[in-house]
Amino acid sequence: QVQVVESGGGLVQPGGSLTLSCVVSGIIFSIYDMGWYRQAPGKQRELVAVITNDGTASYLDSVKGRFTISRDNAKNMVYLQMNSLNPDDTAVYYCNGVHTILSWGQGTQVTVSS
């Protein structure tokens, strides 16, 4: 079975930075387009960043210029570097496939607050 495990969330102050990590097992990782999703309380889940199997990245407009998605196919890892965080970034962040849903992990909570 496919397993997805996110980590790296926490409490940060506005303007701070955080790096999220995701490890995926049970698949040939390198063939999948991967993404980071987030869901805030009372809001719809949204896709915030995508990275193709060949490493081409794209972003939700609200995070463009602040977030960077990357991947390491040798390690089955996906990362999300988040800078200049603001309270609107507060959410549970999930890692998953984009065109193919692999598995929903537990997510990792990011809270941006003073």
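**Strands, sheets and aromatic rings**

Reader: What makes strand 1 and strand 3 a pair?

Author: Strand 1 and strand 3 (residues 18-25) run antiparallel and share five bridges, and two strands count as paired if DSSP finds at least two bridges between them. The strands themselves are DSSP runs of E with at least two residues, numbered from the N terminus, while helices are runs of H or I with at least four. Within this pairing, V5 stands opposite V23 in strand 3.

Reader: What kind of model is this, and how are its residues numbered?

Author: It is a predicted model, in which local features need pLDDT of at least 70 and side-chain atom pairs count only at pLDDT 80 or more, whereas totals for chains, interfaces and linings use all residues. Residues are numbered from 1 along each chain as its sequence is written, and side-chain values use heavy atoms, with hydrogens and water left out.

Reader: Why are strand 2 and strand 6 said to stand at the edges of their sheet?

Author: Their sheet is an open one of six strands in the order 2-10-9-4-5-6, with mixed pairing. Strand 2 (10-12) and strand 6 (57-59) each have a single partner strand, so one side of each is left without a neighbour in the sheet. From one strand to the next the twist averages 25°, where axes are lines fitted to C-alpha atoms (for helices over the stretch in contact) and angles run from 0 to 180 degrees between N-to-C directions. Inside this sheet, strand 4 and strand 5 (residues 46-51) are joined in the antiparallel sense by five bridges, and G35 has V50 in strand 5 as its bridge partner.

Reader: Why is the pair of Y37 and W104 called edge-to-face?

Author: The search of the whole structure finds two aromatic pairs. In the pair of Y37 and W104 the ring centres are 5.1 Å apart and the planes stand at 70°, so it is edge-to-face: rings of Phe, Tyr and Trp (its six-membered ring) pair if their centres lie within 6.5 Å, and planes under 30 degrees apart count as stacked, over 60 as edge-to-face and the rest as tilted. Y37 belongs to strand 4 (residues 34-39) and W104 to the loop between strand 9 (91-97) and strand 10 (108-112), so that the pair links distant parts of the chain, 67 residues apart.

Reader: What makes Y94 and W104 an aromatic pair?

Author: Their centres are 5.9 Å apart and their planes stand at 90°, which is an edge-to-face arrangement. Y94 lies in strand 9 and W104 in the loop between strand 9 and strand 10, so this pair ties together parts 10 residues apart in sequence. Y94 is buried, with a relative accessible area of 18%. Y37, Y94 and W104 form one aromatic cluster.

Reader: Which residues have the most contacts inside the largest nonpolar core?

Author: That core has 27 residues, and those with the most contacts inside it are V24, M34, W36, V78, L80, M82 and Y93. A nonpolar core is a set of buried Ala, Val, Leu, Ile, Met, Phe, Trp, Tyr and Cys residues joined through side-chain atoms within 4.5 Å.

Methods: Buried < 20%, exposed > 50% of the residue type's maximum accessible area, 1.4 Å probe, protein only.
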